[in-house]
Amino acid sequence: MNNFEYLRAESLGQAAAAAADPATKIIAGGTNLLDLMKYNVERPSRVVDITRLPLKDIAETEAGGLRIGALVPNSDLAYDERIKARYPLLSSAILAGASPQLRNSASTGGNLLQRTRCYYFYDTATPCNKREPGTGCPAVHGQNRIHAILGTSQHCIATHPSDMCVALAALAATVHVTGPNGSRDIAFGDFHRLPGDAPEIDTTLRPGEIVTAVELPPEGFAANHTYLKLRDRLSYAFALVSVAAALRQEGGRVVEARLALGGVAHKPWRDEAAEAMLAGKPASPESFAAAADHLLRDAKGHEHNAFKIELARRAIVRALGQAAAGTPQSQTDKRIR
Amino acid sequence: MPSAEHHIGAPRSRIDGPAKVTGAARYAAEHTAPDLAYGIVVSGAIARGRIRSVYAAAALAVPGVIQVFTHENRRRTAWLDYSYKDDVAPPGAPFRPLYDAEIHYSGQPVALVVAEDYETAAYAASLLAIDYEVAEHETDLEAQRAYAYVPSKKRSGIPPPPSPRGDAEKAFGEAPLHVEGDYSHAIEHHNPMEPHASTVIWEGDGKLTVHDKIQGSQNSQRYITSVFGLKADDVRVMNAYVGGAFGSGLRPHYQLFLAVMAALELERSIKVVLTRDQMFTFSYRPHTLQTVRLAADRSGALRSIRHDAVAGTSRYEDYQENVVNWSGMMYHCDNVALTYTLAQIDTATPADMRAPGATTGVFALEIAMDELAERAAMDPIALRLRNYSDEDENQGKAYTSKELRECYRVGAERIGWSRRSSVPRSTREGRELVGFGMATGCWEAYLQKTAARATLTPDGKLEVATASSDIGTGTYTILAQIGADGFGLDLADVSVRIADSTLPTAPVQGGSWTAASSGSAVQAACQAVRETLLGHARGLHRSPLANAGIEQVEFRDGRITFASDPARFVTFADAMRAGGVDKVEAEATAAPSVVTALRYVSYTHAAVFAEVRVDEELGIVRAVRIVSAVAAGRILNPKTARSQILGGGVMGLGMALHEETMMDHNLGRFMNHNLGEYHVPANADVHDIDVVFVEEHDDKVSPIGVKGLGEIGIVGTAAAIANAVYNATGKRIRDLPITLDKLL
Ligand SMILES: Cc1cc2nc3c(=O)[nH]c(=O)nc-3n(C[C@H](O)[C@H](O)[C@H](O)COP(=O)(O)OP(=O)(O)OC[C@H]3O[C@@H](n4cnc5c(N)ncnc54)[C@H](O)[C@@H]3O)c2cc1C
Ligand code: SF4
């Protein structure tokens with residue numbers, strides 16, 4: 001870890017101005033940034049602590065949704081009564097991730113901006129385009145069990161590791177940001193980006209922009225939803241594949257579907273075309289399989305992760321089935337229904 | 001009132017438990033000293049080659065940095081390989097930290113940055129730039145298998161495979177039933193919770209007190225004196241508490257060398273603690289490629305056993321373990337051929353990891369036995385009973401005891417073996433397939449030469465002392481139990497001194513021999529004290545015990561009492577007064593009996609059963625129940641004993657389903673070097689583990705009838721789970737861990 005200067009932000013404006021300097025990093029819960037600093041992956045010369053800023057509320061919006069402050073801890077969010085009742089998919093996805101201690105510390109904004117868990121990215125003794133642009137991507141021909149099958153490029157095949165973000169993608173949330181040049185809203189699907197030829201850039205945030213809140217639209221799919229996470233041990237592991245599925249149904253037919261995947265791409269992978277295929281169809285394994293096939297049409301595996309394609313297909317079918325039946329996956333009893 | 005055996009055999013809580021849970025127990029990294037400096041190890045980035053240059057100027061310029069040690073400015077140390085060989089070193093040339101520019105493996109220590117505080121050292125370490133000359137490396141055992149060889153020097157304590165008996169190949173051809181398969185398991189790292197660390201306290205005048213993470217203080221002590229040419233009296237090593245080690249702490253590791261070197265060079269106290277990543281840079285359970293071929297007649301009687309193993313080792317040491325011999329001893333068979341060879345890869349030397357060799361070899365054999373049972377249309381237990389042997393078939397010697405039949409019976413009953421369908425993939429519950437599997441476990445019961453001292457004072461307090469360790473197993477507690485029962489004391493009246501190189505000689509804690517060895521030594525020392533004390537009591541003027549023999553008296557309530565007439569007694573204090581002493585002290589040594597060894601062998605046995613649920617579509621395995629039925633002689637403390645089996649069971653579960661260190665062969669580097677990505681089982685993966693000890697009386701294995709429990713819990717567990725997965729799914733997975741992709 002390098003030496004750095006510590007600044008406690010007193011206002012959003014001050015934090016945004018400071019964060020515009022590329023050598024400055026914002027710290028919230030610190031559960032990701034501090035690890036990266038200890039590994040010498042992040043070497044900021046200044047760290048701006050935003051935890052005193054008033055971004056800790058969950059508030060009703062005029063539209064009938066909820067606005068979640070960027071500093072609301074993951075635990076508080078998951079256990080918030082309004083979230084549990086109206087957006088149980090979000091609650092479930094958060095509880096599928098990390099551990100209670102980490103969730104107590106992790107913030108909503110930090111969760112969006114956490115970085116990939118690619119082994120190479122964390123190990124400064126190895127090349128990595130995301131860490132050091134232009135050095136190459138050893139994962140392509142190396143250990144890539146946990147890597148992406150969708151939207152990859154030859155420059156990077158890393159995944160975004162968040163569970164919470166998969167639910168936010170499915171729920172079509174909006175990200176509120178404030179920067180040196182004012183505030184703007186970013187649709188969740190536009191917030192994270194694909195690696196392309198610039199894998200060092202994870203999101204569409206501009207220099208100095210700070211996430212202030214995440215807004216949920218009124219529809220929470222509380223009746224028919226699930227978050228199904230498949231991993232290498234039953235707790236405290238990142239997803240190999242995860243599925244957030246949500247349905248509105250009438251008389252055994254799907255009216256509206258939401259489908260987003262985690263663990264498969266550089267961003268939470270929501271496929272609106274696959275969702276549209278389900279509209280009007282019977283809520284049956286056949287329609288679910290067709291949607292899964294469509295979502296995975298361009299999937300490409302590597303040496304150790306090719307299994308994810310078939311796993312994702314099966315997981316989508318299972319998750320849509322859970323959602324349709326109104327029997328969401330429990331995050332405490334790990335048995336998969 | 002305490003009776004003769006009040007504590008031994010009773011479920012006592014750890015006497016060091018309160019110190020551990022309150023934080024009073026200090027581990028190697030938690031000791032401090034005035035003027036303590038901190039060292040951070042810098043790990044190498046390449047798998048093979050040379051260091052061209054080290055650019056240390058930027059690190060040295062950081063205020064608070066004291067020194068950067070590299071191969072260029074290290075202290076001169078011993079010249080001969082021999083001097084670097086610790087008590088458990090395999091044949092070869094031990095790795096010498098910072099010895100020269102040569103890089104032997106990725107992650108090798110290349111520098112030690114020492115500073116006034118930890119943060120400064122860590123920062124300066126990040127500024128060190130190293131330029132390498134890269135050479136070709138090979139880390140893939142499969143690629144090196146073609147160059148496998150029989151090690152020219154055998155590792156002490158590890159029996160090479162026995163010569164073939166009968167004609168295994170011919171018998172294989174003639175027998176009607178065959179199975180043949182290739183088996184392997186992933187490289188595993190020990191990953192104890194406590195990282196390796198050494199705090200070296202500079203006492204002045206070249207004297208050092210060292211708190212080391214090690215499984216034997218005297219091993220570190222000898223290593224330091226030998227490598228640095230120090231006098232034995234000048235180096236004292238302690239390992240009061242060890243937060244798990246599983247074999248990773250049998251040998252002194254580079255952090256000890258570096259800390260001692262810096263302390264001597266700087267004449268200052270120093271602490272070096274490895275990071276979790278660095279815990280992946282010195283020892284591991286080697287990758288081993290195995291082929292097992294079994295043949296039987298139609299009754300299931302084994303006609304031929306062949307077991308071949310190629311194990312990975314480093315380029316500089318021939319690490320060896322007993323992988324295949326189990327296949328020649330566990331069952332009766334007249335035609336047996338076993339081979340064990342090594343192949344070199346560019347990694348650090350592997351190391352003993354819980355039940356080294358047995359965990360590896362028995363996993364393959366016991367899956368093959370399951371396959372054979374199916375081929376023979378027999379119940380897997382019936383097949384094992386059909387081939388049951390009352391002698392070690394390799395050596396033709398009888399067992400000092402072997403209650404394995406009872407383990408099979410009790411284990412089968414506890415798991416509900418009768419619920420098992422012999423047809424794979426035929427039992428379902430909801431979306432999950434249900435399966436049952438079993439396997440035999442086996443581990444040698446050793447007694448190692450160990451000395452102990454017992455000291456009784458007139459106030460009825462006892463101290464027992466031996467250099468043995470407690471790596472979390474409960475040594476403190478069982479020695480207190482043995483000592484207390486020797487004199488009818490409460491546990492609180494016994495103080496146990498262990499984990500200090502100045503105490504009576506004891507070997508490293510490994511091989512599951514500590515309870516039997518140090519326990520027997522303590523008991524012998526107590527017996528010597530009892531005899532001396534009785535002698536003093538007899539000498540009392542008009543002694544009520546004047547003619548009493550040692551078998552006629554009891555020691556309790558601070559008195560020596562005539563057993564058949566409790567009115568006749570002498571208090572401990574009076575006896576000492578009569579003898580004109582203020583304490584009675586004795587030292588004794590326990591050692592294996594040569595006579596017994598001529599005719600007998602001793603092993604701990606287990607029958608492990610598993611019940612699994614497998615999500616048919618998604619391949620997720622849940623091991624919902626494990627039963628471990630163990631025959632281990634006398635159980636000194638059912639509570640700590642159970643913990644050992646539980647821990648071994650969880651580790652076996654990890655081996656079966658989760659644990660895998662992933663090597664990038666292009667870079668020659670382990671990649672998932674942290675506990676987030678190296679998956680040990682989490683609580684959610686560990687369900688019901690039922691431990692049962694069957695009755696087993698053994699008057700030959702050790703003076704106290706104890707066999708040891710540290711490793712038996714893991715042997716067979718992975719096979720039992722893999723066999724259960726087969727029973728559930730019909731998929732035979734011979735490569736561990738059984739991750740979900742293998743079942744899709
Ligand atoms: C061992 C381990 C296991 C884990 N397992 C899981 C898991 O299974 N599933 C899962 O989803 N997550 C998992 N996590 C990740 C965890 O969810 C994230 O670390 C956490 O959400 C990050 O939040 P934080 O507030 O601590 O972020 P910090 O570490 O404080 O910051 C992370 C990044 O976000 C930036 N940042 C923070 N807040 C803002 C803001 N308001 N605006 C702009 N930038 C900001 C920081 O500059 C930094 O770059 C795991 C983490 C660990 C360490
Ligand atoms: S996948 Fe991306 S993060 Fe991983 S090594 Fe390649 S470039 Fe780096």
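This is a predicted model: local features need pLDDT of at least 70, side-chain atom pairs count only at pLDDT 80 or more; totals for chains, interfaces and linings use all residues.
## A buried phenylalanine in chain B

Start with F487(B). This residue is found in helix α12 of chain B, which covers residues 475–487. Is F487(B) buried or exposed? The relative accessible area of F487(B) is 0%. The cut-off for buried is under 20%, so F487(B) is buried.

What does F487(B) touch, leaving out residues up to four places away in sequence? The contacts are L456(B), L462(B), C526(B), V529(B), R530(B), F555(B), R556(B) and F572(B). N666(B) is another matter. F487(B) and N666(B) are 179 residues apart along the chain. Their C-alpha atoms are separated by 63 Å.

## Cavities

Rolling a probe the size of a water molecule over the atoms shows where empty space is left. How many cavities of 30 Å³ or more are there? The count comes to 13.

The largest cavity holds about 240 Å³ of space. Its lining has 19 residues. Those nearest the centre of the largest cavity are F95(B), R251(B), P252(B), H253(B) and E317(B). Sorted by class, the lining of the largest cavity has 13 nonpolar, three polar and three charged residues. Which domains supply this lining? At least three residues come from each of two domains of chain B: domain 1 (31–136 + 193–244 + 249–280) and domain 2 (168–188 + 284–446 + 598–743).

The second largest cavity holds about 160 Å³ of space. It is lined by 17 residues. R117(A), I146(A), T159(A), F238(A) and A239(A) are the closest to the centre of the second largest cavity. The lining of this second largest cavity splits into eight nonpolar, six polar and three charged residues.

## Around ligand 2

Which residues are closest to ligand 2? They are C118(A), C128(A), C137(A), C156(A) and I157(A). In total, 14 residues surround ligand 2. By class, the shell around ligand 2 has 10 nonpolar residues, three polar and one charged.

## A helix in chain A

Chain A has a helix α12 too, at residues 285–295. Which residues of α12(A) are buried? They are S287(A), F288(A), A289(A), A291(A), A292(A) and L295(A).

The buried residues of α12(A) pack against several elements of chain A. Two are strands: β11 (253–262) and β12 (269–270). Two are helices: α11 (272–278) and α13 (307–325).

Key
Residues are numbered from 1 along each chain as its sequence is written. Chains are lettered from A and ligands numbered from 1 in the order in which they are written. Side-chain values use heavy atoms; hydrogens and water are left out. Helices (H or I, at least four residues) and strands (E, at least two) are DSSP runs, numbered from the N terminus. Buried means under 20% relative accessible area, exposed over 50%, partly exposed in between (1.4 Å probe, protein chains only). Contact means heavy atoms within 4.5 Å. On a 1 Å grid over the protein atoms alone, a cavity is a set of points where a 1.4 Å probe fits but cannot get out, and a pocket is an open set with protein on both sides within 12 Å along at least five of seven lines; lining residues have an atom within 4 Å of a point. Grid points are joined across faces, edges and corners, and a volume is the space filled by probe spheres set on the points. Ala, Val, Leu, Ile, Met, Phe, Trp, Tyr, Cys and Pro count as nonpolar, Asp, Glu, Lys and Arg as charged, and the others, Gly among them, as polar. Domain bounds come from an automatic or database domain assignment. A residue is near a molecule or strand if one of its heavy atoms lies within 4 Å of it.
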